[in-house]
Amino acid sequence: MNYKISKKDKGIVGEIRLDGSKSISNRVLIIQALCEDDFTINALANSNDTQLMQQLLNSEEETRDAGPAGTTFRFLTAFLSLQKGSQILTGTERMKQRPIGVLVDALRELGADIEYLENEGYPPLRINEAKQLNENQQLTISAGTSSQYISALLLIAPTLPDGLELRLDGTIVSRPYIEMTLKLMEYFGVTHAWQGNVIRIEAQKYQAKEFTVEADWSAASYYYAMAAFAEKLDLQLNGLFENSVQGDAVLVKMMTKFGVQTTFNKKGVHLSKSGEPRPFFEYDFIRCPDLAQTIFVVCGGLGVQGLFSGLSTLKIKETDRIEAMKNELGKLQVWLSQLPPQFSKKSGKTFYQIEGKAVVENTPVFPTYEDHRQAMAIAPLGMLGIVEIEEPMVVKKSYPAFWEDIQKLGFVVE
């Protein structure tokens with residue numbers, strides 16, 4: 001089933017209650033499972049990933065299927081390495097193509113007993129009860145690896161007999177996600193020391209404490225894209241915190257370049273127009289890679305020339321998000337391309353550029369590549385003409401009510 005998305009006017013007026021952050025929800029669920037005493041979690045995300053995390057944490061089945069949920073799979077790999085008995089952790093065919101070796105190697109160094117059941121370095125895994133955990137309380141892991149590996153290790157660190165000293169080797173990728181993990185651990189009473197590239201967490205107990213999940217800034221980005229395309233803008237997004245633990249909250253500052261003004265209030269944020277978009281936009285997404293697809297679409301939709309770096313992790317997400325966006329924006333006469341190596345020599349960064357202004361005609365059809373963010377990032381283009389989206393319910397992974405919510409703003413979803 002495909003959805004056709006369109007909008008009769010370019011006004012974005014209304015009020016939306018955003019779902020809780022999946023990233024925060026999944027971390028807090030792991031903390032809750034590791035805590036000796038139970039506590040209440042308010043506004044937990046409704047995403048499939050979060051529901052799956054709850055289900056698998058409570059499961060007594062030997063085989064646990066994380067489906068396409070990368071965060072769920074990685075956090076559970078670390079969590080299950082602490083548990084008694086033997087479990088099999090598996091996922092979709094795409095999940096079986098996503099590497100897990102860095103995390104498994106680190107857990108093995110700590111004494112975990114983990115086997116690969118198919119291909120070396122990839123799911124599925126058999127995770128057996130460890131004979132002795134914390135054989136080595138000092139670990140070194142590439143700082144350029146997925147922050148989810150690092151967060152998975154940090155979340156279990158205080159429960160290890162001697163804690164953990166984690167050395168991050170090289171340049172840190174997605175630092176805000178590591179900071180998010182540590183801030184959430186602090187909320188539940190776990191202290192840490194972070195000096196240079198070394199994070200030290202002593203053995204200690206999580207303290208039960210009622211928690212409210214803030215709304216998801218990544219989800220907010222799709223509404224900011226609509227706001228950028230709008231001729232009339234009066235939009236309230238509820239549930240967002242000004243003092244956010246999410247790196248994607250940088251969206252507030254980023255979107256001023258596209259003429260979108262954010263005002264915080266008691267319920268969340270109010271969006272209004274602040275002027276015309278600037279003709280050129282440059283950004284390093286190393287701290288907020290989940291915003292990249294949205295900004296590609298915003299630049300293409302407005303005809304803003306974009307220059308981007310910090311996109312290395314996009315290739316190992318639900319799909320290769322750079323290639324996916326290159327393919328799909330090309331249908332609209334918007335060109336995403338990698339700059340030649342000589343542009344990278346001075347900075348050591350890899351640069352991509354966007355050129356062209358979207359022409360939406362003859363109802364272009366967009367596959368979603370089994371990627372929730374691809375579907376939601378493309379949707380605002382329905383303000384420029386009718387677009388057709390394949391497998392639209394992939395949004396259940398992080399934002400099940402997305403299509404219903406955008407209809408509240410006047411979008412037609414057929």
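This is a predicted model: local features need pLDDT of at least 70, side-chain atom pairs count only at pLDDT 80 or more; totals for chains, interfaces and linings use all residues.
Trainee: Which residues of H9 are buried?

Mentor: The general idea is a cut-off on relative accessible area: buried means under 20%, exposed over 50%, and partly exposed in between, with a 1.4 Å probe and protein chains only. In H9, the buried residues are Ala292, Gln293, Thr294, Ile295, Phe296, Val297, Val298, Cys299, Gly300 and Gly301. Helix H9 spans residues 292-302 and is mostly covered, with 10 of its 11 residues buried. Helices (H or I, at least four residues) and strands (E, at least two) are DSSP runs, numbered from the N terminus. Just after H9, glycine 303 has a positive phi of about 75°.

Trainee: Which residues have the most contacts inside the largest nonpolar core?

Mentor: A nonpolar core is a set of buried Ala, Val, Leu, Ile, Met, Phe, Trp, Tyr and Cys residues joined through side-chain atoms within 4.5 Å. The largest has 73 residues, and those with the most contacts inside it are Leu18, Tyr223, Tyr224, Leu237, Phe402 and Trp403. Helix H7 (residues 217-229) supplies the largest share of this core, 11 residues. A second, separate core has 65 residues, among them Ile178, Met185, Val190 and Phe211.

Trainee: What does tyrosine 223 touch?

Mentor: Contact means heavy atoms within 4.5 Å. Not counting residues up to four places away in sequence, tyrosine 223 touches Ile16, Leu18, Leu235, Leu237, Leu271, Tyr399, Phe402, Asp405, Ile406 and Leu409.

Trainee: At what angle do helices H3 and H5 pack?

Mentor: Axes are lines fitted to C-alpha atoms, for helices over the stretch in contact, and angles run from 0 to 180 degrees between N-to-C directions. Helix H3 (residues 70-80) packs against helix H5 (residues 147-156) at about 40°, and the axes are 9 Å apart. On the H3 side, the contact is made by Gly70, Thr71, Arg74, Phe75, Ala78 and Phe79, and on the H5 side by Gln148, Tyr149, Ser151, Ala152, Leu155 and Ile156. Ala, Val, Leu, Ile, Met, Phe, Trp, Tyr, Cys and Pro count as nonpolar, Asp, Glu, Lys and Arg as charged, and the others, Gly among them, as polar. The residues of this contact divide into seven nonpolar, four polar and one charged.

Trainee: Where does threonine 145 lie, and is threonine 145 buried or exposed?

Mentor: Threonine 145 is in the loop between strand E8 (138-142) and H5. Its relative accessible area is 9%, so it counts as buried. Apart from its neighbours within four places in sequence, threonine 145 is in contact with Val102, Ile150 and Val173.

Trainee: Which residues does a cis peptide bond join?

Mentor: Most residues other than glycine have a negative phi, and most peptide bonds are trans. Here a cis peptide bond joins proline 123 and proline 124, with omega about 5°. Proline 124 is in the loop between strand E6 (113-116) and strand E7 (125-128). Both prolines are touched by lysine 96, whose contacts also include Thr90, Gly91, Glu118 and Tyr122, not counting residues up to four places away in sequence. Lysine 96 is in the loop between strand E5 (86-90) and helix H4 (101-109), and it is buried, at 18% relative accessibility.

Trainee: What is the phi of glutamine 333, and what is that of glutamate 391?

Mentor: Phi of glutamine 333 is near 65°, a positive value in a residue other than glycine. Glutamine 333 lies in the loop between helix H10 (321-329) and strand E18 (335-338) and is partly exposed, at 44%. Glutamate 391 has a positive phi near 45°. Glutamate 391 lies in the loop between strand E21 (387-390) and helix H12 (402-407), and at 51% relative accessibility it counts as exposed.

Terms used. Residues are numbered from 1 along each chain as its sequence is written. Side-chain values use heavy atoms; hydrogens and water are left out.
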